[in-house]
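Dear colleague,

Please find below the structure that I am handing over to you. My notes on what was found in it follow directly after.

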Amino acid sequence: MSEKPELYAEVRKQIASVIAGETSATARYASAACLLREAFGSRFFWTGFYVVDPLKPDELVVGPYQGTLGCLRIPFGRGVCGAAAATGETQLVTDVHAFAGHIACDSRTNSEIVVPVFGPDGVLAAVLDIDSTEFGAFDLEDQAGLEAICRDLLTA
Ligand code: SME
């Protein structure tokens, strides 16, 4: 089993090669969610995207994901995804129960990381949400690896 940074570099390459030339953002999100879950297995309990609703630009709506049923909509500023959308910054949460306003889509989630995804115009397009049943499942290596993947997602 590779070390985490190497594994992220490998998944980043896989995603880039699958989505090259693809014009549909949905196809890009779906491929990334699938390949991340395939690479990390059950360590990633919920892996997917909440996209900015074009009709309600201060609300996220669920996009492609792998995992148990997710909430459909999250207003900017609510929960971990809403905080990432409102600030444009990655949220690394070691204990979701201690995070004010956390939205419990599945009560088995205990920690999570949410990374913003920007379009080529620099405007927020979506957030990548990864949840774990373990406390403190994500660290700065996960943050660096996922931020690199999200940087490429709509621009490469
Ligand atoms: N945990 C998220 C909600 C989304 S789901 O867990 C799939 C949050 O508080 O933003």
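**Overall architecture**

The protein has a secondary structure of four helices and six strands. In sequence order, these elements follow the pattern α-α-β-β-β-α-β-β-β-α. The radius of gyration is 14 Å, close to the 15 Å given by the globule rule for 156 residues, so the protein is as compact as a globular protein of that length. Please bear in mind throughout that this is a predicted model.

Of the 156 residues, 49% count as buried. The accessible surface comes to about 7,500 Å², and 54% of that surface belongs to carbon and sulfur atoms. Among contacts between residues at least 6 apart in sequence, 51% join residues that are at least 24 apart.

**Salt bridges**

The structure holds nine salt bridges, and three of them are described here.

One of these bridges joins the side chains of Asp152 and Arg12, at 2.8 Å from N to O. Asp152 belongs to helix H4 (residues 140-153) and Arg12 to helix H1 (residues 4-19), so the pair ties together parts that are 140 residues apart in sequence. Arg12 is partly exposed, its relative accessible area being 32%.

Another salt bridge is formed by the side chains of Arg43 and Asp142, again with an N to O distance of 2.8 Å. Arg43 sits in the loop between helix H2 (25-40) and strand E1 (46-53), while Asp142 sits in helix H4; the pair therefore ties together parts that are 99 residues apart in sequence. Arg43 counts as partly exposed because its relative accessibility is 29%, whereas Asp142 counts as buried at 0%. Both residues also take part in a network of salt bridges that links Lys4, Arg43, Asp139 and Asp142.

Arg73 forms a salt bridge with Asp53, and the closest N and O atoms are 2.8 Å apart. This pair links distant parts of the chain, with Arg73 in strand E3 (residues 73-75) and Asp53 in strand E1, 20 residues apart. Arg73 is partly exposed, with a relative accessible area of 40%. Asp53, by contrast, has a relative accessibility of 8% and so counts as buried.

**Aromatic pairs**

The count of aromatic pairs comes to six. Phe40 and Phe44 form one that is stacked, with 4.5 Å from centre to centre and 10° between the planes.

Trp46 and Tyr50 are both buried.

Ring pairs also link Tyr8, Phe40, Phe44 and Phe138 into a cluster.

With kind regards

Notes:
Residues are numbered from 1 along each chain as its sequence is written. This is a predicted model: local features need pLDDT of at least 70, side-chain atom pairs count only at pLDDT 80 or more; totals for chains, interfaces and linings use all residues. Side-chain values use heavy atoms; hydrogens and water are left out. Rings of Phe, Tyr and Trp (its six-membered ring) pair if their centres lie within 6.5 Å; planes under 30 degrees apart count as stacked, over 60 as edge-to-face and the rest as tilted. Buried means under 20% relative accessible area, exposed over 50%, partly exposed in between (1.4 Å probe, protein chains only). A salt bridge is a side-chain nitrogen of Lys or Arg within 4 Å of a carboxyl oxygen of Asp or Glu. Helices (H or I, at least four residues) and strands (E, at least two) are DSSP runs, numbered from the N terminus. The radius of gyration is taken over C-alpha atoms; the globule rule is 2.2 Å times the number of residues to the power 0.38. Contact means heavy atoms within 4.5 Å. Accessible areas come from the Shrake-Rupley method with a 1.4 Å probe; for residues, only the protein chains shown count as cover.
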